[in-house]
Amino acid sequence: MRNRLLIFCILCLPLATQAQSHIELSINGGGGLSSLQYNPTSGGQKPGFGPVVGGGLHFFVNPHWGIGTGVNFTLYNATTTLHEYTATSAERTANVINPTDFIFSYTYHYYEERQRASMLTIPLMIHYQTRGATAFYASTGVKIGIPLSADYTAQGNYSTDAYFPSTNVRYDSLYSYGFGDYTTNEENAALKLNISFMASLELGAKFSLDKWLLYVGYYLDYGLNDIRNDKRQAPLVGYLPETPRSHSHAGILNMSNSLRTLATGITLRVAFPLINEKEARGFGKSHRGLVIPRPPATIRFQK
């Protein structure tokens with residue numbers, strides 16, 4: 001996948017470096033659904049909303065076609081909630097002389113986890129637009145998302161118990177051995193994420209307003225790769241034989257098969273056309289309301 005995206009970028013570079021009909025410098029902002037998508041083994045995921053702000057450059061090779069790039073700051077977030085979620089695991093006591101096998105069980109009566117991530121996204125888009133003071137445009141390409149920060153916050157309450165098959169006894173209120181009722185209070189932990197590669201599409205309208213342009217559009221960015229750095233599977237609550245009074249805790253992502261970015265919403269872009277040297281040679285031609293005057297004619301007198 002990364003090789004294909006690299007080939008795409010290399011093929012687009014010659015177009016961007018050609019003599020352009022014009023260049024547009026822009027600032028943009030927008031937002032909408034901006035989520036981290038995953039498939040938890042249980043519970044329901046609620047996608048989050050986030051903003052996107054940044055700037056860009058568009059190089060047009062003719063009045064219709066161009067190449068766009070830039071830098072954007074994007075926030076992603078998602079929330080998962082569990083109710084009466086139960087899981088079990090086979091464990092063994094830490095007694096060296098006479099270790100005993102048992103079944104460890106935990107039940108989250110309520111659990112809520114929210115994941116957040118911020119990324120620096122770099123687009124490389126092929127742009128097409130119609131002509132006119134009011135025109136329509138479409139852009140498609142790829143975006144590379146570089147993680148800046150990521151974490152998750154969890155809270156809830158759960159109970160644990162242990163069943164010993166050898167004696168047919170169950171313990172559910174033995175806190176010195178880690179069995180009983182517990183509460184998780186706003187625990188926060190960092191997430192390590194890999195670079196995200198996204199397929200991107202944008203559709204909208206362009207309005208020519210005197211010496212600047214207004215783009216209003218809809219965008220869709222879909223993550224193509226699993227961005228989890230740690231792909232190990234782990235339970236939400238784990239038994240620790242050496243320190244049974246405390247438990248190990250993991251996040252929902254350790255119970256998921258993949259993690260991808262997904263963003264869709266409305267974008268607004270204000271662009272300022274710039275005239276290149278080739279266009280400047282065409283004296284007398286107008287560009288977005290800007291007119292380059294012709295130089296005064298030289299009058300020669302014959303003797």
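Strands here are DSSP runs of E with at least two residues, numbered from the N terminus, and in this predicted model local features need pLDDT of at least 70, side-chain atom pairs count only at pLDDT 80 or more, and totals for chains, interfaces and linings use all residues. Residues are numbered from 1 along each chain as its sequence is written, and side-chain values use heavy atoms, with hydrogens and water left out.

Strand β9 covers residues 196–209 and includes L209. Strand β6 (residues 134–164) pairs with β9 in the antiparallel sense over 12 bridges, where pairing requires that DSSP finds at least two bridges between the two strands; within this pairing, I144 has F197 of β9 as its bridge partner. Strand β10 (residues 212–223) also runs antiparallel to β9, to which it is joined by 12 bridges, and F207 stands opposite L214 in β10. The hairpin of β9 and β10 has 2 residues between the strands, and D210 in this hairpin takes a positive phi near 55°.

Is L209 buried or partly exposed? L209 counts as partly exposed because its relative accessibility is 32%, given that buried means under 20% relative accessible area, exposed over 50%, and partly exposed in between, with a 1.4 Å probe and protein chains only.

The residue T121, in strand β5 (residues 101–129), has 3% relative accessibility and therefore counts as buried. Apart from its neighbours within four places in sequence, T121 is in contact, that is, with heavy atoms within 4.5 Å, with G70, V71, N72, T74, Y76, I144, G145 and M198. Among these contacts of T121 is I144, the residue whose bridge partner in β9 is F197.

Notes: Helix = DSSP H or I, 4+ residues; strand = E, 2+ residues; numbered from the N terminus.
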